[in-house]
Amino acid sequence: MIMYKLRKIAKNYLPPILLSFLKKYFSFGQNIVWKGNYSSWEDAKRVSTGYEAPEILENVRASMLKVKKGEAVYERDSVLFDEIQYSWPLLAGLMYAAAKSGGVLKVCDFGGSLGSTYYQCKKFLDGLKEVIWCIVEQRHFVDIGKKEFEDDRLKFCYDIATCKREYNPNVLVLSSVLQYIEKPYDLLEELLKHNFEFVIIDRTPFNSENREVIKVQVVPPWIYKASYPCWFFDMGKMKGYLISKGYKIIEIFDALDGKSEKYEFKGFILEKEND
């Protein structure tokens, strides 16, 4: 919240050229640090705090309530922004799915926090004929989601089977999710059994050396104190796997989190091939 207020002050009083420099230097992604190359997930987990820290949920909850009430414009990873940072390719994928489904969009947002992606896209979703956005998350997130955020369109479920049974989504969204799962391909195997017509993967890191590595992601202390294991994937392996599951790659795109010489964050828009 402090950083959000500082950004608003800077926007009002700093000259544009200096503001541009500060935005680049203090961008969210550049504050995150990835450490080490670990031989196993367990090794990385031993030196991490994990996602279970209670302050993570409380920070996300506080930020998302401000967005819901119109007191802030946009939230990502509990950080408030004074303008929406759109993932235009993700939004294009959602609109593509809706266009091919008669203006109806039914989304399963796996690992979708308390609705970050939903609120990011809401302005455009409001123009569709029908929207159901179901978030599948950890139990403590779903408890808060059902109590404080759920409405006629935004729903929360404890598991993928319940989401599929109650809302019949045809779009699966995985935004900044797969890299934090110990066995990401096992998760994909389970999710894709539900035969989603469309899959959108966003904000996922790939190692530039075309091999998988495990690092520890350290969150900047001004957000909250936490660290967790994180995969950097092999692009060739990921593409091959998705194609082997019967999905056509509509597009591969650059994600908001950026890139460096050692890694790049990418996303996929996928459509199920006709049998």
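Contact is taken here as heavy atoms within 4.5 Å. The structure is a predicted model, in which local features need pLDDT of at least 70 and side-chain atom pairs count only at pLDDT 80 or more, whereas totals for chains, interfaces and linings use all residues. Residues are numbered from 1 along each chain as its sequence is written, and side-chain values use heavy atoms, with hydrogens and water left out.

By this criterion, and with residues up to four places away in sequence not counted, Leu172 touches Cys108, Phe110, Leu191, Leu192, Phe196, Phe198, Val199 and Ile200. Leu172 is, together with Leu174 and Met238, among the residues with the most contacts inside the largest nonpolar core, which has 35 residues. Such a core is a set of buried Ala, Val, Leu, Ile, Met, Phe, Trp, Tyr and Cys residues joined through side-chain atoms within 4.5 Å; buried denotes under 20% relative accessible area, exposed over 50%, and partly exposed the range in between (1.4 Å probe, protein chains only). The element that gives the most to this core is helix H10 (residues 184-192), with 5 residues; helices (H or I, at least four residues) and strands (E, at least two) are DSSP runs, numbered from the N terminus. A second, separate core comprises 33 residues, including Ala72, Leu114, Ile144 and Phe156.

Within H10, the residues Pro184, Tyr185, Leu187, Leu188, Leu191 and Leu192 are buried. They lie on the same side of H10, because they cover an arc of only 155° around the axis, the arc being that of the directions from the helix axis to the C-beta atoms.

Aromatic pairs were assigned to rings of Phe, Tyr and Trp (its six-membered ring) with centres within 6.5 Å; planes under 30 degrees apart count as stacked, over 60 as edge-to-face and the rest as tilted. The count comes to 19 aromatic pairs. The pair of Trp41 and Trp231 is stacked, because the ring centres are 6.1 Å apart and the planes stand at 20°. Trp41 belongs to helix H4 (residues 41-46) and Trp231 to strand S10 (residues 227-232), so that this pair links distant parts of the chain, 190 residues apart. Both tryptophans, Trp41 and Trp231, are buried. Phe232 and Tyr263 form an edge-to-face pair, with 5.7 Å centre to centre and 75° between the planes. Phe232 counts as buried at 2% relative accessibility, and Tyr263 counts as buried at 19%. One aromatic cluster is formed by Trp41, Tyr185, Phe206, Trp231, Phe233, Tyr241 and Phe268.
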